[in-house]
Each structure stands twice: as structure tokens, then as C-alpha cells.
Amino acid sequence: MKLAVNDLLSLEIMENARVRTGSSHLRERYVQWISAIEMPVENFVRKNEVVLSTAIGCGHDVQLFKKFVEDIIHSEASALIIALGRYIFDVPKEVVELAEKHQFIIMEIPWEVRFSTIIEEVLRELNDIQHKEREKSEKAQQELLQLILKETSLREISDYIQNQIGCPIVITDCAGIIQDRTEAGDPDDKWKYYNLKDGISIKKTSSLLPQDPMYQKFQMIELGGETILRLPILNASGDVQGYLFVLFPNDCELEEFLTQYRVNVLEHSATTIALWLSRQNAIEETEMRLRSDFIQELAKGEFTSDEQEESRAKLLGFNLKVPYVCIAGYPENLELLFKKRKQYDLSYEHWLDSMIRYIEEEIYYAAGSLEKEVMMTYQGDKLTLFVQAKNNENPAHHFLDLVERRLRNLLPDVVISWGIGGAQETIAGFKTGFDHAQTALQIGRKKKGAGHRVLYENTKVDRVLLTLAQNKEMKEIIVSAIEPLIQYDQQRNMDLIGTFSTYNECHGNVSQTARLLNLHRQSLLYRLRKVETLTGLSLIDTDDLFLLDLSIKTWKLGITETPVHS
């Protein structure tokens with residue numbers, strides 16, 4: 001509801017008013033304020049303001065009067081009301097032509113009409129409109145509250161909001177994942193991933209809007225040729241937990257669209273959505289925690305009976321009567337990626353939760369595509385997956401290929417290391433599979449570095465080394481063999497350990513080793529002699545060669561800590 005310039009003419013105080021220009025625009029121009037002003041105009045007149053004037057100081061100078069009117073037009077005022085009879089007796093032809101050219105409204109009133117009375121009447125009308133809009137917005141607030149109390153769906157809340165503001169909306173969580181939308185069509189990437197990509201133009205709403213704190217929360221986003229209004233949804237502690245996007249019409253000016261009523265409705269809507277999301281998050285977090293705790297207990301073998309396991313699994317929707325393969329995953333660089341982000345509207349904890357949710361979504365999608373059951377938890381910075389194995393096959397590589405292919409499109413910079421256990425057919429086998437996957441992950445990260453996947457069955461030699469390294473005497477032998485090389489490499493940066501490993505892989509072929517290391521033959525021989533001198537072992541003695549190779553492989557696994565003395 002707005003007060004148009006045409007509505008002023010219906011006021012009793014304006015019965016003798018005469019419209020000189022812009023009569024065809026009386027219903028299009030709206031009144032937000034009214035004031036009396038004389039020269040100079042400067043910045044004292046704002047948009048949609050009705051100006052009352054006697055033209056004192058310029059009424060007898062046509063050019064000066066014309067400049068006065070021109071300044072008022074440029075201020076985007078709604079209309080100019082001139083009092084005739086003292087300083088001006090008729091609006092000059094030049095001023096009329098100027099006003100008509102700019103489709104600007106000029107009205108004349110008799111000198112006897114008091115400006116204060118006009119202002120009083122107009123303010124009364126504006127206050128009445130504001131009162132009605134306030135009552136209407138309070139009703140909307142109550143109706144939104146009732147929707148929450150009735151535990152209605154987010155779709156019902158969204159439809160109500162759209163009906164009140166007259167345009168489609170989109171609701172997302174803080175990570176940009178769509179929770180609901182009222183427009184037709186599938187959610188596309190520009191919505192789902194907007195918070196993870198650069199290059200989106202975001203600017204504050206126009207300074208012409210009222211300096212109300214609520215107005216200042218709005219942001220305009222230029223996205224795909226569209227202008228979209230964004231309003232943050234805050235929780236009780238003031239953290240962003242989602243966004244409300246308003247797809248207002250492109251043919252509508254923002255200042256015209258954001259009426260006080262729409263602003264009030266959107267403010268109440270943001271609060272209502274925050275309550276709904278908080279309630280929904282609490283429910284989902286409880287379910288996720290119960291599922292996660294169950295999977296963790298299953299992996300650690302903490303159940304006392306098969307009946308207890310199966311009963312809990314059935315309640316949570318899991319099927320334990322099919323064989324599973326355990327996969328352990330470790331996201332290597334999430335904290336580093338967070339530090340590189342350009343926008344810090346989220347804390348690391350909230351951002352990490354969002355990233356893990358993305359990864360979990362792709363894992364569930366991959367399992368669904370392959371028609372496999374999957375159980376998953378994220379605890380202690382690691383992912384634990386139990387993926388269904390059909391016909392006693394190990395589905396891990398095919399499954400992880402699909403997961404990583406999708407993650408490369410969504411989160412191309414994320415690096416995840418994987419450890420894969422064997423297929424287990426019994427409930428007791430869940431713990432065995434978990435232990436094997438964890439061992440494979442540990443060995444893979446130590447031996448190959450980040451971003452690789454390792455099968456437990458391919459770690460036989462490494463597990464032998466792992467077992468040997470637990471023996472105290474074996475540790476002492478390994479340290480005595482490897483420590484001199486480590487010290488020398490740190491002091492001289494010569495990489496004797498790498499040189500020996502390549503030499504051993506080439507079965508003692510000096511020429512081949514020199515080519516692979518891009519070394520001169522004499523330089524390689526010098527390094528090999530240095531290895532023998534430092535370790536006291538001969539590279540032509542098979543036992544010494546075996547001991548040195550064993551020591552280096554054990555050290556590379558990170559199993560044996562080797563002290564280095566300065």
C-alpha cells in the first residue's frame with residue numbers, strides 16, 4: 001500500500017489545487033515524505049518527496065526559477081507544489097516546458113493555504129498507511145509463527161512467503177545447498193555451489209533505501225544475468241545458518257519492490273526459517289549422531305551379542321546380513337583450503353561440516369548408483385565406510401573411482417587418502433575389516449604420501465616390517481644402520497638414502513642408476529662409497545645389502561623413530 005500523488009488531490013486542503021504538468025503520472029508517482037523548501041536545493045530533497053515552495057528569491061527571475069525546478073527534478077522528487085500570490089503569480093512557460101519534458105508533476109495552490117496544514121494532512125495519511133501495513137505485517141508474523149508451532153513443512157512456509165511478497169524464493173543452508181525453492185525446475189549448480197566459487201558479484205542494496213538496519217542486511221547478487229536479493233538467516237548466536245534468496249522481477253526497481261510490508265515479511269520469514277532450520281538440524285544431528293555412534297561401535301567390536309547389533313541396526317535402517325568392505329578415508333588438506341578462501345563468512349568448524357557433508361553426499365550418491373548398501377561415519381578427522389560387497393567381490397576401486405570423479409568436479413582441490421580392508425561376511429568381521437582398513441591407510445600415507453589408495457592385501461611386506469619393528473633389538477639394529485645416513489643427508493643435502501634405494505631397485509646396475517638419478521658415474525660411485533663408510537656395511541655383501549634395505553623401508557614407513565643428534 002502506497003500513497004500516490006493523485007491521493008493528495010482528494011484531501012480537503014487541496015480542493016483548490018491545480019495540476020499544471022505531469023497529470024498523466026499522478027497515479028504512478030508515490031509519496032514517502034513531504035517538506036517545504038526554498039533555494040538552494042542542493043541535497044536537501046530526497047527521492048519520492050513532495051516539495052512545497054513559495055519560490056522566494058527566484059520567482060521574479062525566470063532562469064533562476066527554472067534552475068530551482070531543475071534541481072528538484074534531478075533530486076527525483078515526486079512533485080512540486082507552488083504557492084501563488086506573493087513571489088510568483090504564474091508558472092512561466094519555460095518552467096512548464098522543462099517539467100513536461102521530464103514528465104514531472106507541478107501543482108499550484110492559493111497563497112492562503114497553509115503549508116503546515118498540508119504537511120499535517122499528508123503525514124496523517126502516511127502514518128495511517130504505515131499503521132495498516134504494520135498491522136498487516138504483524139498478522140503475517142503471527143501466521144508464520146503458527147506454521148512453526150504446527151510443525152509444517154518448509155515448503156508450506158516457502159509458499160506462504162511467496163504469496164505475501166509476490167515472487168519466487170529459494171532457501172539454502174549456509175553452504176549453499178538448496179533446502180527449498182518455490183519456482184519450478186531442478187536446482188542447478190549456480191545455486192548449489194555459489195558459496196564455493198569466486199566471481200559472483202555481490203553488492204549492497206541501494207543507498208536510496210531507508211537507513212533502516214533491516215534494509216542494510218539485504219544484498220544484491222548478479223548471477224547469470226539476473227539480479228537476486230539475498231538475506232542471511234541467522235541463528236540465536238548471530239551465526240549465518242542459511243540464506244533466503246528473493247527472485248524479484250527484473251522489470252521492477254528495487255526501491256519500488258522493497259516496500260515496508262515486504263521488508264517486514266522478509267524479516268519475519270528469516271526468523272521463521274531460522275527456527276525451522278534449527279529444529280530440523282537438531283533432528284538430523286540426533287539421527288546422524290546415533291548412526292555414527294553405531295557404526296563406530298560396530299567398527300571397534302564393542303557389541304556384546306549379535307542380537308544387540310542386529311536390533312540396533314534395524315532401528316537405524318542398516319542391513320547387516322550382507323557382506324561389507326571397510327574403507328578408511330582421510331581428507332588431507334581441508335584446513336589448508338580453508339585458509340586460502342577469500343570469503344570468511346563461516347568459521348572453520350562450520351565450513352568443515354559443510355565440506356564433509358558434500359563428501360558424504362557424493363559417497364551416498366555413488367553407493368546408490370551402484371545399488372550398494374553403505375554405512376558411513378566421520379570421527380577423529382577420518383571417514384569410515386562399510387560398502388556392500390556382492391558375490392564376495394571387493395567393490396572398493398570401482399566405488400572410489402565414481403566418488404573421486406564426482407568430487408573432482410565439485411571439490412577439485414580436496415585430496416583424500418584411502419585404505420581398503422578385505423570383504424567380511426560375518427558381524428565379527430566388521431572390526432577386522434576396520435582394523436585392516438586403518439592399517440592400509442596408515443601404511444599408504446607413510447609410504448606413498450597423500451592422495452593414494454592402498455589395499456590391505458597389498459601391504460604384506462609392510463606388515464612384516466611393522467611387526468619386526470616392534471622388537472626392541474630390531475629397532476636398535478635399524479637405528480644403528482640408518483641414523484648415520486639421515487644425519488649426513490640433513491647436513492650435506494646429498495640424499496644418500498634415495499641414492500641407495502634407486503641403486504638397489506636397479507639390482508646394483510651402476511650405469512642404469514646413474515641415468516635414473518641424472519648423475520655422473522663417478523659421482524654415483526662416490527655416494528655409494530659414502531654409504532658404505534657411514535653404515536659400515538658392504539653393498540656387495542648380500543646380508544649387509546638386505547639389512548640396509550630393510551632398515552630404510554622400515555624407516556620410510558615411519559614406524560621406527562630415528563633420533564638425530566646435532
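**View 1. The largest nonpolar core of this predicted model has 34 residues.** A nonpolar core is a set of buried Ala, Val, Leu, Ile, Met, Phe, Trp, Tyr and Cys residues joined through side-chain atoms within 4.5 Å. Buried means under 20% relative accessible area, exposed means over 50%, and partly exposed lies in between (1.4 Å probe, protein chains only). Which members touch the most other members? They are I327, I359, I363, L385, F399 and L411. The elements giving two or more residues to this core are β12 (324-331), α10 (334-340), α11 (348-369), β13 (374-379), β14 (382-388), α12 (396-410) and β15 (416-424). Helices (H or I, at least four residues) and strands (E, at least two) are DSSP runs, numbered from the N terminus. Helix α11 gives the most, with nine residues. A second, separate core has 32 residues, among them I165, L229, I233 and V246. In soluble globular proteins, nonpolar side chains tend to be buried together.

Two notes apply to every view. Residues are numbered from 1 along each chain as its sequence is written. In this predicted model, local features need pLDDT of at least 70, side-chain atom pairs count only at pLDDT 80 or more, and totals for chains, interfaces and linings use all residues; side-chain values use heavy atoms, with hydrogens and water left out.

**View 2. Helix α11 has 22 residues.** From its first C-alpha to its last, α11 reaches 31 Å. That is close to the 32 Å expected at 1.5 Å a residue. The expected span of a helix is 1.5 Å times one less than its number of residues. Buried residues of α11 include W351, L352, M355, I356, I359 and I363. E371 follows α11 and has a positive phi, near 55°.

**View 3. Strand β12 is buried on both faces.** How many of the eight residues of β12 are buried? Eight of the eight are, so β12 is largely enclosed by the rest of the structure. One side carries Y324, C326, A328 and Y330. The other carries V325, I327, G329 and P331. In a regular strand the side chains alternate between the two faces of the sheet. β12 pairs with β14 in the antiparallel sense over six bridges. Two strands pair if DSSP finds at least two bridges between them. Here I327 stands opposite L385 in β14. β12 also pairs with β15, again antiparallel, over seven bridges. There V325 stands opposite A423 in β15.

**View 4. Strand β3 (residues 49-53) pairs in the parallel sense with β4 (residues 79-84).** Five of the five residues of β3 are buried, so this strand is largely enclosed by the rest of the structure. E49, V51 and S53 lie on one side, with V50 and L52 on the other. Four bridges join β2 to β3, which run parallel. A36 stands opposite L52 in β3. Four bridges also link β3 to β4. L52 stands opposite I81 in β4.

**View 5. Helix α9 (residues 306-316) has a buried side and an exposed side.** The buried residues are E309, A313 and L316. Why are they on the same side of α9? They cover an arc of only 65° around the axis, which puts them there. The arc is that of the directions from the helix axis to the C-beta atoms. An α-helix has 3.6 residues a turn, so residues three or four places apart point the same way. The buried residues of α9 pack against α8 (260-299). On the other side, E307, K314 and L315 are exposed. Just after α9, G317 takes a positive phi of about 85°.

View 6. H25 lies in the loop between β1 (18-21) and β2 (33-36). Not counting residues up to four places away in sequence, H25 touches Q103 and I105. Contact means heavy atoms within 4.5 Å. T152 lies in the loop between α4 (115-149) and α5 (154-165). Leaving aside neighbours within four places in sequence, T152 is in contact with L147, I157, W276 and R279.

**View 7. Cysteines C58 and C506 are buried.** C58 has a relative accessible area of 1%. C506 is at 6% relative accessibility. How many disulfides does a search of the whole structure find? The search finds zero. A disulfide is counted as a pair of cysteine sulfur atoms within 2.5 Å.
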